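Q: I would like to go through this model with you, starting with the overall fold and then moving to individual side chains. Could you take my questions in turn?

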Amino acid sequence: MAAYRYGSQPGINYGISVLLTTVLLMLTLYFHFREKDSYYIAFDSYSDKEDWFGSGKFELDKTNNAYLIADTDAGFIFSKCLLWKDYKVNGKFKIQNKHLGIILRASNLSNYVMLQITKNSIRPHIRANGGWIKYETDVTGLVFEEEIKDGRWYEFEFIVKGEDIQIKISDATKILIDKRWVIVSGKVAVEVFEKQDHDRKTSTHVMDITVSYDYGSIGFRNGHGERALVKNLIAESINKT
């Protein structure tokens with residue numbers, strides 16, 4: 001009987017070894033691929049683009065040690081927090097021409113919320129199945145106390161919680177805006193751009209779509225000659241579940 005027990009131990013030890021190896025491998029993969037609770041992206045190296053996807057120009061500007069966002073109608077979004085619901089995101093930006101679009105709650109490149117930073121206001125947009133709805137300041141009241149200057153660095157901070165977005169834009173000395181906007185949901189009428197006719201005019205139609213922006217990632221979008229720089233992005237989940 002003693003010889004039988006001795007002879008069976010290598011098999012038992014081997015089984016335990018395989019089990020431990022498998023568990024360690026699964027834990028390693030889990031901690032490698034799971035979404036973290038926070039991210040810091042300096043945007044000062046080429047590798048900072050690795051976890052972003054989109055089309056257009058989103059690249060390192062060595063002169064300013066920041067990333068340039070331009071000529072990207074779809075936008076770029078960060079792949080590491082696609083399932084986030086409530087979060088805080090802040091960073092620095094410098095507008096070089098016209099505007100900067102900050103993407104929030106993006107489930108993909110055709111469905112997201114975008115807060116467009118203009119020279120004197122925040123202009124919210126929603127993108128639904130590729131179509132757009134924008135909300136002007138006469139409806140939102142999201143007007144700055146003073147205009148943003150080209151070529152100057154500012155800071156944005158957005159706290160996204162439930163259906164609310166708390167919006168703050170500031171420079172080194174003052175807060176330009178600190179206000180709240182409620183994310184649109186339910187049935188909306190979206191203008192869809194289809195194609196150009198022979199006179200180069202864009203034909204459209206309006207489509208009723210039910211929208212919901214309960215979760216999704218962060219990103220940037222600039223099109224139609226808009227150019228801006230971004231750096232020192234911090235994103236932090238505030239519902240760590």
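Q: To begin, what does the secondary structure of the protein come to?
A: The model, which is predicted, has two helices and 14 strands.

Q: What share of the residues count as buried?
A: The figure is 41% of the 241 residues of the protein.

Q: And the accessible surface of the protein, what does that come to?
A: It comes to about 13,600 Å², and carbon and sulfur atoms account for 52% of that surface.

Q: What about contacts between residues at least 6 apart in sequence: what percentage join residues at least 24 apart?
A: Of those contacts, 61% join residues at least 24 apart.

Q: Let us turn to the aromatic side chains. How many aromatic pairs does a search of the whole structure find?
A: The search finds 18 aromatic pairs. One of them is formed by Phe 58 and Phe 76, with 5.1 Å from centre to centre and 35° between the planes, a tilted arrangement.

Q: Where in the chain do Phe 58 and Phe 76 lie?
A: Phe 58 is in strand 2 (residues 52-61) and Phe 76 is in strand 3 (residues 66-78). The two are 18 residues apart, and their pair links distant parts of the chain.

Q: Buried or exposed, those two?
A: Phe 58 and Phe 76 are both buried.

Q: Which pair is edge-to-face?
A: Tyr 112 and Trp 132 form such a pair, at 5.9 Å centre to centre and with 70° between the planes. Tyr 112 lies in strand 6 (residues 111-117) and Trp 132 in strand 8 (residues 131-134), so this pair ties together parts that are 20 residues apart in sequence. Tyr 112 and Trp 132 are also buried.

Q: Which residues form one aromatic cluster?
A: The cluster is made up of Tyr 39, Phe 43, Trp 52, Phe 58, Tyr 67, Phe 76, Phe 78, Trp 84, Tyr 87 and Phe 220. The tilted pair of Phe 58 and Phe 76 thus belongs to this cluster.

Q: Staying with rings for a moment, what lies over the face of Trp 153?
A: Lys 231 does, at 4.2 Å from the ring centre.

Q: Changing topic to charges, how many salt bridges does the structure hold?
A: There are 11 salt bridges in the structure. Among them is the one between Arg 127 and Asp 73, whose closest N and O atoms are 3.4 Å apart.

Q: Why does Arg 127 count as buried?
A: Arg 127 has 7% relative accessibility, and buried means under 20%.

Q: Which residues do salt bridges that share partners join into one network?
A: That network consists of Asp 73, Arg 127 and Arg 221.

Q: Last topic, the backbone. What is phi of Asn 65?
A: Phi of Asn 65 is near 55°, a positive value in a residue other than glycine. Asn 65 sits in the loop between strand 2 and strand 3, and counts as partly exposed at 43% relative accessibility.

Q: Where is Asn 129?
A: Asn 129 is in the loop between strand 7 (122-128) and strand 8. Its phi is near 50°, which is again positive in a residue other than glycine.

Q: Why does Asn 129 count as exposed?
A: Asn 129 has a relative accessible area of 53%, and exposed means over 50%.

Technical notes
Residues numbered from 1 in each chain as written. Predicted model: local features only at pLDDT ≥ 70, side-chain atom pairs only at ≥ 80, totals over all residues. Heavy atoms only, no water. Helix = DSSP H or I, 4+ residues; strand = E, 2+ residues; numbered from the N terminus. Buried < 20%, exposed > 50% of the residue type's maximum accessible area, 1.4 Å probe, protein only. Contact = heavy atoms within 4.5 Å. Areas by Shrake-Rupley, 256 points an atom, 1.4 Å probe, with all protein chains shown as cover. Phe/Tyr/Trp six-rings, centres within 6.5 Å; stacked < 30°, edge-to-face > 60°. Lys NZ or Arg CZ within 6 Å of the ring centre and 35° of its normal. Salt bridge = Lys/Arg side-chain N within 4 Å of Asp/Glu carboxyl O.
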